[in-house]
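Here are some exercises to work through with the structure open beside you. Try each task before reading its solution.

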Amino acid sequence: MTAVTTKPLEPGADRLDSLPRGIDLKGLSERTVIPLRHPLRWVIAAIVVILLLNAGQTLFTNPSWEWAKVPEWFFSPAILKGLQLTLLATAISAVVSFVGGIVVALGRLSGNPVLSTLSWLYIWAFRSLPLILVLIFLFNLGNLYPAMGVGVPFGPQVQIPTITFLSPLVLGVIGLSLSEIAYSAEVVRSGILAVDQGQHEAAKALGLPQRRQFLRIVLPQALRSIVPAYVNQIIGLIKASSLLFYVSLLDLFGVVQSLGSTYPTDIIPLLIVATLWYLILTSAISVVQYYIERFYARGSMRELPPTPLQRVRRTLAGIRSTARGNTLA
Amino acid sequence: MTAAIDIHNATKSYGDKTVLRGVDLTVAAGTVTVILGPSGSGKSTLLRAINHLEKLDEGFVALNGELIGVRVKGDRLKELPEKRILRQRARIGFVFQNFNLFPHLTILENVTEAPIAQGISAKRARDEARTLLARVGLADKEAAYPRQLSGGQQQRVAIARALALEPEVILFDEPTSALDPELVGEVLGVIRTLTGSGKTLIVVTHEIGFAREVADHVVFMDEGAIVEQGTPSDVLSHPRHRRTQDFLSKVLA
């Protein structure tokens, strides 16, 4: 433990019986209290801003950034096509793994020991494996099982060559979803466990059918804690989709990689383009997240938190009124 | 008088801890029964066993002669599938100590939820819910969310929610224990209006005054068993058992 040392107040500053002359209790009590100032914060902020500006300056003074080429590449058909693939693969995997996550989470929470063990095993397996391993494994499925089919065991079977129905995109989405479901199942499970036991009991006591208990009472409340964690997962998924490059799918990152080897002199602007697009995607998701969270917060607080716009307005109004207060003082 | 609720040999333990030791209780239809007892006496467990929120190890509960949560199989009782139990529960209202309103639904939606699930049209459910909310004095709160209401108002909504299924029996599990003292009266007032309406009420409570005023039958429980029961004046004014006397002197002190 370190000893807490504080500078002593000047003598009498904390005593009412030794007020300076000309000041009475009434006057003292009627003035606004001066908030504690934090001068060190300003010093640190100034240092940080100077450092950031220094770094920022190099963005413009260092010609190697080649900003002029960024707009050209930014909307180039190849990049947009890669972006489309990233969006498509992420969107499908996000939806599949959300639904799948609910199913696996319910499996783990089920009273049926076979179901809960199977779900646990699934989560254990796919959380253990690196996504890239899963993807490359799937990609080689054609070697492992050249054809797939169903039928009567040891009897007649229907068979299709694996390659014909498992295109790289389908394989990629399956790979992303398989591993994502394992994580989202845990996210969903934690959300369900966070719902008060009394809610389950009230739903039971009202005789609500089990499906309705879950969909109407438990899940909407669980979503409050599921949404932030799940959006995290989706953002991770966007970035994880860059691994599709290794199974010969040209997503945003893959396009940048291959363009970079075709146009080695443009590698920096291409990386900037990829950076900007990933930033844009994540920002868009964060905005959507904010409003989804607001929706599921209804009823959980007496008043909903302000939207960012309302917050900015309030802060400005606050600054204005303090400024007015200072000039009055 | 016919019996609305018949409890026979209700026995329950959690691990080595026995919470109900073969409780027998008959509740006449249309009457008000108040169950008193120190905490841990098993009174809440008994109440929850009536609508099968709590499964009994031995014994059974019958509502108007119909077994709840179990059926006869040979010479034993066998648990019913959850689906059938849920249908039986809809005939028994339950009011919780902590209200357990659905926080993400409006007051009106809280009350209409169960009737709509039962297949009643949304419009009819809403009309009836509004009548019920007016009856508990909350007609103007239908669009609010539970957390925007005081504890007393929430409990009144919970009572309206229980009434919406037109249950034959309503069970109250310490309905005023989570309330600030000044809000207890409004909830007891609503419960009072339900007496004599033909519904059978069973109330677990610590409100001795309320028991004296509205109860037809008072049951005192301790350590998982019924110690004594009778009219309010028997049990509350002339308790015969030492444990009842001790409890009453503590509660009334």
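**Exercise 1. Decide how far to trust each chain of this predicted model.**

*Solution.* Start with chain B and its elements. Helix α9 (residues 242–252) of chain B has the lowest mean pLDDT, 91, while helix α3 (residues 107–117) of chain B has the highest, 97. For chain B as a whole the mean pLDDT is 94, and 100% of its residues reach 70 or more.

Now turn to chain A. Its mean pLDDT is 88, with 95% of the residues at 70 or more. Confidence in chain A is lowest in helix α8 (residues 162–165), at a mean of 69, and highest in helix α5 (residues 113–128), at 96. Where pLDDT is low, the predicted coordinates should not be read in detail.

Finish with the scores for the model: ipTM is 0.92 and pTM is 0.83.

**Exercise 2. Work out the strand order of the antiparallel sheet in chain B, and find which strands stand at its edges.**

*Solution.* Go pair by pair.

- Step 1: β1(B) and β2(B) run antiparallel and are joined by 9 bridges. B:Asp6 stands opposite B:Thr26 in β2(B). The two strands form a hairpin with 2 residues between them, and B:Gly15 in the turn has a positive phi of about 60 degrees.
- Step 2: β1(B) also pairs with β4(B), in the antiparallel sense, over 5 bridges. Here B:Ile7 is opposite B:Val61 in β4(B).
- Step 3: β4 (residues 58–63) of chain B pairs in turn with β5(B), again antiparallel, over 2 bridges. The bridge partner of B:Ala62 in β5(B) is B:Leu67.

Putting the pairs together gives an open sheet of 4 strands in the order β2-β1-β4-β5. The edges are β2 (17–28) and β5 (66–67) of chain B; each has a single partner strand, so one side of each is left without a neighbour in the sheet.

One more element belongs in this picture. Helix α1 (residues 43–50) of chain B packs on the sheet and touches β1 (3–14), β2 and β4 of chain B. The direction of α1(B) makes about 120 degrees with that of β1(B).

**Exercise 3. Describe the sheet of 6 strands in chain B: its order, its edges and its twist.**

*Solution.* At the edges are β8 (92–95) and β12 (225–230) of chain B, each pairing on one side only. From one strand to the next, the twist averages 15 degrees.

For a pair to inspect, take β9 (residues 169–173) and β10 (residues 200–204) of chain B, which pair in the parallel sense over 5 bridges. B:Ile170 stands opposite B:Leu201 in β10(B).

Then set this against the record. An unreviewed UniProt entry annotates residues 5–248 of chain B as "domain: ABC transporter". In the model that span is 36% helix and 28% strand, and its end C-alpha atoms lie 26 Å apart.

**Exercise 4. Compare the "transmembrane region" annotation of chain A with the model, then find how α12(A) and α13(A) are oriented.**

*Solution.* First, the record: an unreviewed UniProt entry lists residues 40–62, 82–106, 118–139, 159–179, 243–261 and 267–292 of chain A under this heading.

Next, check two of the spans. Residues 82–106 of chain A are 100% helix and 0% strand, with end C-alpha atoms 36 Å apart. Residues 267–292 of chain A are likewise 100% helix and 0% strand, and their end C-alpha atoms are 38 Å apart.

Now the helix pair. The axes of α12 (residues 252–262) and α13 (residues 267–296) of chain A come within 9 Å and cross at roughly 175 degrees. Angles over 145 degrees count as roughly antiparallel, and α12(A) and α13(A) are therefore roughly antiparallel to each other.

Finally, look at who makes the contact. Among them are A:Leu252, A:Phe253 and A:Val256 of α12(A), and A:Leu270, A:Leu271 and A:Trp277 of α13(A). The residues of this contact divide into 10 nonpolar, 1 polar and no charged.

**Exercise 5. Which elements of chain A give two or more residues to the side that touches chain B?**

*Solution.* Begin with the totals: 19 residues of chain A and 21 residues of chain B take part in the contact. On the side of chain A, the elements are α10 (197–205) and α11 (210–240). The largest share, 6 residues, comes from α10(A).

Notes:
Residues are numbered from 1 along each chain as its sequence is written. Chains are lettered from A and ligands numbered from 1 in the order in which they are written. This is a predicted model: local features need pLDDT of at least 70, side-chain atom pairs count only at pLDDT 80 or more; totals for chains, interfaces and linings use all residues. Two residues are in contact if their C-beta atoms, placed from the backbone, lie within 7 Å. UniProt positions are given in the numbering used here, feature names are shortened, and annotations may be inferred rather than shown by experiment. Axes are lines fitted to C-alpha atoms, for helices over the stretch in contact, and angles run from 0 to 180 degrees between N-to-C directions. Angles under 35 degrees count as roughly parallel, over 145 as roughly antiparallel, 65 to 115 as roughly perpendicular and the rest as oblique. Ala, Val, Leu, Ile, Met, Phe, Trp, Tyr, Cys and Pro count as nonpolar, Asp, Glu, Lys and Arg as charged, and the others, Gly among them, as polar. Two strands pair if DSSP finds at least two bridges between them. pLDDT is the predictor's confidence in each residue, from 0 to 100.
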